[in-house]
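This report covers one protein model.

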Amino acid sequence: MNRNDSVYVAWQAPDTHDWHVVGNLQSRKAEYVFNYTKGALTSSKFTKFSGMNDVKETYVSEDLFPLFKNRLLSPRRPEYPKFIHWLGLDDSNAEPIEILARSGGMRSTDQLQMFKRIEIGNDGKFEHFFFAHGLSYMPESANKRVSSLKAGDCLCLCLDVQNGYDKAAVIIRAENPAEIVGFCPRYFANDIKSMLLDDASSIKLSVERISDDAPHNYRLLCKVEGKVSQGFLKRMNTQEEFQPVA
C-alpha cells in the first residue's frame, strides 16, 4: 500500500498533556479504512470515537468518516485556494488524506490532530514535510525572523534537554544569527530526537515555504530529510503505539 494514503490520529491526554497515537486512517481505492492503534490503550482517559466503539474492529466506509470529513475545509469556501497554497499542495488534485496529513485537521473543540508518519525507505532514506509548532508563543523577533527566511534556507534541529514540560522536545533554530523559530510537532519529536542521537550529521532541515498571510501554525513549512541506520529503521518499524489493535 502507498503510505501517502495513510494518516495517523494523535490524541492529547487532558491530565498529563502527553500525545498518544490512537488510530490510523487509510485510503484504499474506493474506500476508507480506520483502525485503532495500541496507543489508544495507554490512557484510561481516552474515549472511543462516535460510531467506533470497539477498538478491535476494522471500520470500512465508501465515504470519509464524519470524524475526519468535518476537519476538512470545503472546496466551495472562497479561502480554500489560499489554504491549499499554505499547505504546499496542488488544489487541482489534493486528496482528503493529504490535506489532513499536512494541515493536522485541528479543531478547537477537541484534542485530536492528524499527521503523516515519517516514511523511511528500505535504504534508510527519508523526506518529510511539517509545520513548525509554537510560533504563536514566540517573541515578535522570532516572527520577524521567520518572515525573513526563504525557501531552501537551512535550519537546525536542537534537543531541548532541559524542557521540564516535554523531555522529547526538539527546537527549530535559524542560524546567522542563531534564533529559535519553533518546535518539531510533539507526535514525532521522539523520532527526530532518536535520529539526532543516532547520527545528527545525517539529518538536514530546511525551509520549504514561508506564508506570511497564514495563521501562525501554517507560516513555516519545513522539510526534513536524511538517512538513518538499519538498526534505527528496525526500531521505528516496531514502535508499539503505531501497531493496530485489530
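Are Phe83 and Tyr218 buried or exposed? Both Phe83 and Tyr218 are buried, where buried means under 20% relative accessible area, exposed over 50% and partly exposed in between, with a 1.4 Å probe and protein chains only.

## Basis

The model is predicted: local features need pLDDT of at least 70, side-chain atom pairs count only at pLDDT 80 or more, and totals for chains, interfaces and linings use all residues. Residues are numbered from 1 along each chain as its sequence is written, and side-chain values use heavy atoms, leaving out hydrogens and water.

## Helix H2

Helix H2 spans residues 80–87, and its buried residues are Tyr80, Phe83, Ile84, Trp86 and Leu87. Helices (H or I, at least four residues) and strands (E, at least two) are DSSP runs, numbered from the N terminus. An α-helix has 3.6 residues a turn, so residues three or four places apart point the same way.

The cover over the buried residues of H2 includes helix H3 (96–103) and strands S6 (125–131), S10 (203–210) and S11 (220–227).

## Aromatic pairs

There are 17 aromatic pairs in the structure. Rings of Phe, Tyr and Trp (its six-membered ring) pair if their centres lie within 6.5 Å; planes under 30 degrees apart are stacked, over 60 edge-to-face and the rest tilted. Tyr36 and Phe49 are stacked, at 5.7 Å centre to centre with 25° between the planes. Tyr36 is in strand S3 (residues 31–36) and Phe49 in the loop between S3 and strand S4 (58–61), so this pair ties together parts 13 residues apart in sequence. Tyr36 is buried at 0% relative accessibility, and Phe49 is buried at 7%.

Phe83 and Tyr218 form an edge-to-face pair, with ring centres 5.8 Å apart and planes at 75°. Phe83 lies in helix H2 and Tyr218 in the loop between S10 and S11, so the pair ties together parts 135 residues apart in sequence.

## Cysteines

The count of disulfides (cysteine sulfur atoms within 2.5 Å) is zero. The closest cysteine sulfur to that of Cys156 is in Cys158, at 5.6 Å, too far for a bond. Cys156 is partly exposed, with a relative accessible area of 21%, whereas Cys158 is buried at 17%.

Conventions: Contact = heavy atoms within 4.5 Å.
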